[in-house]
Amino acid sequence: MEASQNKTPDASPETSDERQALGCRQSAASRRANLVIAGLAVFMVVASGVSLMLGRYPIEPAQAVQMLVNAIPGVTLEQTWTDQQATLFFNVRLPRILLALMVGCCLATAGAAFQGTFQNPLVSPDILGASQGAAFGAAIAILAGQAAAGVSLSAFCFSIVTVMLVLLVSSRAKGNRILVTVLAGTMISSLFSAGVSFTKLVADPTDDLPAITYWLMGSLTGAKMSDIALAAVPMVVGCGILLALRWRINILTMGDDEASTMGVNAKHLRLVIILAATMATAASVAISGMIGWVGLVVPHLCRMIVGCDYRKLIPASMFFGASFLLIVDNIARLTATSEIPIGILTAFVGAPFFLYLITRKKQGLGS
């Protein structure tokens, strides 16, 4: 009895010290993640500023800043730039850079959310067929002779319909809900992929077929402020919901049973996250075409630098995805005399990295 009394006072401080040390480590990791996120945000801003000045017709840094300031209502500066430079800056370069940032942000954020929701590191934003549905919608619109706005609208609508169809099929199927949803997405995606192949078969080989093929490669060429303004609405809504629910995604990664014990309806939460991620993905694909690997690779890169906590992973994926696609687009428009479709370059970058990731000895895909 006396020995027990002697041990008890010693054990309690030791346990308290361990808890304090654990809390300190977690606090330090959180501060480090916050610094990394801030650094990614600064890098995105710097990359955007540099990109505004890059091109075959260079614009001086001072001129770029002056044109941006002069565009503010009520501000008038002495013009040190030509009208041609202003047209290039506001009608070509600025919309394209904004579109690259928006699409990269949405695809990376949706990819991270899907990976957490389905508890699978190999999941990407097109897991439920959103990309193939958009491709089929775009192909149909091109065959019908629609303009760029009509093609984007058709792609967006078909993308949403595809995911809704997947959710309807999975709701009527029996078995593991996550597995059934992924399998339904794979099957529906295959059907729409066959539809795209059929449209290419019947398309006019002179005009329609090249347009469909080029759209499928993905490109940010021809970005317009009016198109960006329309796409920004679903993009902001989708990413905003995912950002607001990022801490709940941590709960989903624990499984449905664990989520229920914490008072979270996993089924309803998963549906909301899927719809929000689909909205962001559909808007991105509709306006830029098929751009792969961003939503698969970027979340893994962010996990390596900020960890698996979705409270940090979602913001990091947003900034990193935006910067990543912007840099790749700069390479696409500056490397060769004729522009390289950005979907090709993202595959060249993403595939080798993923091969490296899955062959690492110390850590696997879930790290």
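Helices are taken here as DSSP runs of H or I with at least four residues, numbered from the N terminus. The structure is a predicted model, in which local features need pLDDT of at least 70 and side-chain atom pairs count only at pLDDT 80 or more, whereas totals for chains, interfaces and linings use all residues. Residues are numbered from 1 along each chain as its sequence is written, and side-chain values use heavy atoms, with hydrogens and water left out.

Ser 189 is placed in helix α6, which covers residues 177-202. With a relative accessibility of 15%, Ser 189 counts as buried, a term that stands for under 20% relative accessible area, with exposed meaning over 50% and partly exposed the range in between (1.4 Å probe, protein chains only). When neighbours within four places in sequence are left aside, Ser 189 is in contact with Gly 129 and Gln 132, contact meaning heavy atoms within 4.5 Å.

Helix α11 comprises the 23 residues 266-288 and reaches 32 Å from its first C-alpha to its last, close to the 33 Å expected at 1.5 Å a residue, where the expected span is 1.5 Å times one less than the number of residues. Because 17 of its 23 residues are buried, α11 is largely enclosed by the rest of the structure. At the start of α11, a side-chain oxygen of Asn 265 comes to within 3.2 Å of the backbone nitrogen of Lys 267, while just after the helix Gly 289 adopts a positive phi of about 85°. Ile 274, which lies in α11, counts as buried at 3% relative accessibility. Residues up to four places away in sequence not being counted, Ile 274 touches Phe 114, Thr 117, Phe 118, Leu 128, Val 163 and Leu 167.

Helix α3 (residues 83-117) packs against helix α12 (residues 294-306) at an angle of about 75°, their axes lying 7 Å apart; the axes are lines fitted to C-alpha atoms over the stretch in contact, and angles run from 0 to 180 degrees between N-to-C directions. The two helices α3 and α12 are therefore roughly perpendicular to each other, a description applied to angles of 65 to 115 degrees. Among the residues that meet are Gly 104, Leu 107 and Ala 108 in α3, and Val 294, Pro 299 and Arg 303 in α12.

Helix α13 (residues 310-334) has 25 residues that should span 36 Å at 1.5 Å a residue, and its end C-alpha atoms are 35 Å apart, which agrees. This helix, α13, is mostly covered, with 19 of its 25 residues buried.

Technical notes:
A polar contact is a pair of N or O atoms within 3.5 Å; within protein, one must be able to donate a hydrogen and the other to accept it, and residues adjacent in sequence count only if both atoms are side-chain atoms. Angles under 35 degrees count as roughly parallel, over 145 as roughly antiparallel, 65 to 115 as roughly perpendicular and the rest as oblique.
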